[in-house]
Amino acid sequence: MQLDTLLHASFKLLDDAVTDWSTLVDRLEDLKKDAEDGLHQAANKANWAGMNAQVSKEFIGKTAGEFADAHTQAKTIHSILNDTQGELKGYHRQLTEAIERGRKKNLKVIGYEGGFTVTSDVPPEGRAKTDSDNQGDINALRDEVQGILDKASQSDDSANTVLRAISDQSTLGFSDANYSNRDSAAAAVKAAKELAKLARKDPDDLSVNDFDRLNVGLKKYANDDLFAETFATTLGPKKTLEFWTGVTDANRGNYELGHKRLDQFDDLQRNLGLTLAHASQSDSVAMIEWKRQMIDIGDKPIYGTSGGPMGFQVMSNLMRTGDYDDRFLHDYGTKLMDTERKFTGNGEHGNGVWQHMGGSPWLNRIGEDSGSDPLTGYLKVLSNSPDAATDFFSQQYISKDNPDNPFERDSDDADTYKGKVSLSNFQYLFEERDWPQEVDAKGDDLHTGQNNLALALEAATTGHPAGERPTLDTPAHNDQQAKLFNAVVTSVGDDPGRLTDNEYMSDSMGQMTSEYLPDINRAVSDVGRDEESSAWADIERLYPVAGADAELNHTDVTKFLFAVGQNDEGYAAVEVGQEAYMAKLMDHHLNPDLPTDQRFSDDTKTTVEYISERSGEVSGTLSLGRQEAIGNPGSEEDKAYDHSVAQYKNSISGGVGTAVGVGTSFVATPWIGALAGGAAGTVTSVVLEEVFKDAEGNALADKYQQMGDAWQAALITNNEYVGTGAQAAATQHGLPNAEDIETWSREGARQGYLNARAILSGQAPGSTTTAG
C-alpha cells in the first residue's frame, strides 16, 4: 500500500459498492425465499409426468438452489467488502493522525513511488541544533507510518485474495462458499497453505505433532471451499499421492507414526478424502489442472522408476469419502477402465497388478480391505455421486467388434451358436470380472469391491446416494437409470446365482427395487406394452410412472424377486415397500373424486382385485425366497427376517405416515409421495403399523408353528395386510361397501400368492391349489 494512496484515498466508490452489495443481499434474500417457497415447493407438490418429471422438476429445484447460492455468495462478498472498508477507513484515520502529530513536532512525511521518507520541517539554518533531538521522533514516526501501511496492505491483499478465490470457485453459476467476515476466509486460505507445506515434507520426516496438526486441520476445514482448493493445489497431485503412501506404507513409512498414530490413520484418510472431494468441485484454473494431472498419473507408479503403487491405487482410496465432481469422476473412471482392460486382456483373466501381495502397501485404513484394487474405492465414491454412477455403468466396456474381445455368449439367432457380445461397464463388473481376492484378519474372504459395486448401482438406478431415501428433490427415474435397473433385473433373471451367491449385495438390490415398484407391478400384469392398446393404457393408469418405465419382463422380475427374497434385508426393503405401495394404490383408486381419465375401471371390484392380485404375487414371490433361505420356521434365520422388517421402520425418515406413498393425487414411488401431500397417509400408516407390529412380535413365525405350513401362514398374513389396506381406504373415502371391498381384496391377494408359486414352478398362473 503506497502512502499517498491511503492518505488521499476517496472511499466514495468503496462506500457505494458496500451499499450496493447490501441492497443486492436483501433483494436476493427475497428472491431466494420466493424461489424456495413459490417455485421449489410448488414444483415438488405438482403432479409431474413424462419429461416434465425428469427435466422440469429437477431444473426448477436446481434453479431455486442457484438463488440460494447467489444469496450466499453475495452475502459473503458484502461481508468481505464491509470488513475491508471499515479497516481501510481506520488505517486512513490512523495515518492522518500520525502525520498530524508529526507536523506538530516539525516533522514532514513525504511519499514517493515505492516508499516514503520522514524529514524535519525546521528551516536549514536551525537544523544543526535540533537534528539530534528530532532523530528519535523521526524514527518513531517512520515506524508508525510503516506499520499502518503494512496493516493496510495486508487488509487489502487478503480481501483481494479471498474475493478472487471465491469468484474462481465456479465458472458458471454461483459457489456456496459462505464466510461471515473476511478474516475467516483469509484464515482458511492461510491454514491451507501451512498444512500443504507440512504434507509436502518427506513422510519420513513427519513428526507426531505434524500428523496431529494435519489431521486436526483437515477435519476442521474439510468442508471449507477456499481451504480445500488452496490445500489441494498447493500440495499438488503427485505430492498428494506420495504423502498418503508415505504415511501408510510400512515399507517406506514413518515408524514413529505407525507406532503412535496407527489408530488415527482412518481419520486422516477420511479428512483428506473429504478435503479433496470439496476441492474437486472448484472450477479454478489451478484445480482443473490438478484434476487433469491426477488422471494422467493414475496408471503410473507414484515413485516413477523406483516403483511403488500406481496413482489409481492410491487416489481411489482417498475417494472413499466425499462427493467428487462428476466430470472428474467420468474422466477418472474412463482411464481407470482403460487400465483395467490393459491389465486383464480386456477382461479375459484376473488383474494380477491389483492383487494384494504380502509386501504390498496397505493403502486403505477405512474398513478391512487393503485398497490394492482401485475399483473398490472408485465404486464407493460413485455410491455418493448418482449421476456419475449412472453414466459410468452405462458406458461400453468392450465392443463385440473388437478383435480382442474374449466374451462369447449365446446369440439371438440360436442357442447353439456362440457369438461375440458387447458389454457395458455394468455387465463386465457384475457378470464377468475376476475380482482380486482379499481376506480379513481371520482368513475369511472379503467382498468389499462387490459390495461397493452394489452400493454404486443403488445410487445409479435411484438417483440419490446409496444408503439414503429419496426426497422430494429426487427427480423421477430418467431413461438411463431405468435401462440400468432393467439390466440388473435381466442379469439376475438370466443367472440368479449372480445375486444369491453374493447376498451381501441384496440390501442395495432391495432398496433400488422398492423404488421401482410401479415398474415391477406393471411387469407382473403381463400386458404387452403397445401404445395403441387399450389394455396397456389401463395399466398405465393403474400404475402411473412419473419418469421412464424400466420396461421389465415378468419372468425376469419373478426370478429377481425370488433371489432378493433370499436375503433378510433385501426382503424387508421390498416387502415393506410393496405393502406401502399397495395401500397407496387403494387410497388413490378408491377415491370417488379421482378424475375419469385416471381411473383403471369404473367397476370397484375389478380395480380392487387387480391391485390385490399383483401385490399378492410380488409378496408371494418374496415369501418363497424367504422360505428358500430360512429352512425352518422359527429358526434364527427366520427371526433375522422379522428383525430386518422391524428395523426398516427406523430407517424411514419422517415416520411411517409421511415417508411413503403418493402425493396429493399422483401415485409415484412408494417412498416419496406423501411428503408432497404434507400429511400422513392414513391408509399407508394403518397397513405399515400392522406390518411392523407383526414383525416385532414374530407373528408370522408363530403362525408357522401353529399351522405347520409356512406357505399357508404367509399367504394368510399377506391377505390380512391387503384387506386392511383396502378396508381403510374404503372407510376413509366413505364408501358404503367397505366389507365387500375387503373381501375382494383378500380374494385377489390370495390368487396372486398362488400365482407366484405357479409361475416359479413353471406353470401358468391361475391355479387354486393352496399347498404343495
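Author: Gly463, whose phi is positive, near 90°, follows helix 17. This is a predicted model, in which local features need pLDDT of at least 70, side-chain atom pairs count only at pLDDT 80 or more, and totals for chains, interfaces and linings use all residues. Residues are numbered from 1 along each chain as its sequence is written, and side-chain values use heavy atoms, with hydrogens and water left out.

Helix 17 itself covers residues 448-462. Helices here are DSSP runs (H or I, at least four residues), numbered from the N terminus. From its first C-alpha to its last, this 15-residue helix reaches 21 Å, close to the 21 Å expected at 1.5 Å a residue; the expected span is 1.5 Å times one less than the number of residues. Helix 17 is mostly covered, with 13 of its 15 residues buried. Buried means under 20% relative accessible area, exposed over 50%, and partly exposed in between, with a 1.4 Å probe and protein chains only.

Glu742 is found in helix 31, residues 738-760. Its neighbours within four places in sequence aside, Glu742 is in contact (heavy atoms within 4.5 Å) with Gly723 and Gln727.

How values were computed: Helices (H or I, at least four residues) and strands (E, at least two) are DSSP runs, numbered from the N terminus.
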